Amino acid sequence: MSEYKKICRRCLISDMGEEAYREMIGGHIDIIKAADRSSDELYNKRLEVCRECEKLNAGTCLSCGCYVEIRAAMKRSGCPAKKW
Ligand code: SF4
């Protein structure tokens, strides 16, 4: 049997489970200052848009290469395609 683990290109990293999420994103979101961090509502709203976007590729954005979950967590950040 193959050791190859199939990764869904349409999923966010957080959809891979807590362990994979922490491993790949690390503490990046945790170290964003509270004043610079998106509200939970804004964060989730942005990621809903990413989930429907053709540029989402296993948690990264094909337009800019960022991890969308980190980008969405920064209040003054924006989508490179201006979708949010
Ligand atoms: S282009 Fe925008 S909406 Fe699409 S994955 Fe990238 S950040 Fe998300």
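1. Helices (H or I, at least four residues) and strands (E, at least two) are runs assigned by DSSP and numbered from the N terminus. With those labels, Ala58 is found in the loop between strands β1 (56-57) and β2 (60-61). The structure discussed here is a predicted model.

2. Confidence comes next. The protein chain has a mean pLDDT of 89, and 95% of its residues reach 70 or more. Among the elements of the chain, helix α1 (residues 18-25) has the lowest mean pLDDT, 78, while α2 has the highest, 97.

3. Which residues surround the ligand? They are Val49, Cys50, Cys53, Lys55, Leu56, Cys61, Ser63, Val68, Cys79, Pro80, Ala81 and Lys83. By class, the shell around the ligand divides into 9 nonpolar, 1 polar and 2 charged residues.

4. The largest nonpolar core has 8 residues: Leu12, Ile13, Leu47, Cys50, Leu56, Val68, Ala72 and Ala73. Two helices, α2 (40-51) and α3 (68-73), each supply at least two residues of this core. The largest share, 3 residues, comes from α3. Cys50, Leu56 and Val68 belong to this core, and Cys50, Leu56 and Val68 are also listed around the ligand.

5. Ile13, a member of the core, deserves a separate entry. Leaving aside its neighbours within four places in sequence, Ile13 is in contact with Ala20, Tyr21, Met24, Ile25, Gly59, Tyr67 and Glu69.

6. Glu18 lies in helix α1. Is Glu18 buried or exposed? Glu18 counts as exposed because it has 8 C-beta neighbours inside 10 Å, and the cut-off for exposed is 12 or fewer. The C-alpha atoms of Glu18 and Glu41 are separated by 20 Å, and the two residues are 23 apart along the chain.

7. Ala58 is not a glycine, yet it has a positive phi of about 50 degrees. Ala58 is partly exposed, because 15 other C-beta atoms lie within 10 Å; that count falls between the limit for exposed, 12 or fewer, and the limit for buried, 20 or more.

8. Phi of Lys82 is near 60 degrees, which is a positive value in a residue other than glycine. Lys82 is exposed, because 6 other C-beta atoms lie within 10 Å.

Terms used: Residues are numbered from 1 along each chain as its sequence is written. This is a predicted model: local features need pLDDT of at least 70, side-chain atom pairs count only at pLDDT 80 or more; totals for chains, interfaces and linings use all residues. A residue is near a molecule or strand if its C-beta atom, placed from the backbone, lies within 6 Å of it. Ala, Val, Leu, Ile, Met, Phe, Trp, Tyr, Cys and Pro count as nonpolar, Asp, Glu, Lys and Arg as charged, and the others, Gly among them, as polar. A nonpolar core is a set of buried Ala, Val, Leu, Ile, Met, Phe, Trp, Tyr and Cys residues joined through C-beta atoms within 7 Å. Two residues are in contact if their C-beta atoms, placed from the backbone, lie within 7 Å. pLDDT is the predictor's confidence in each residue, from 0 to 100.
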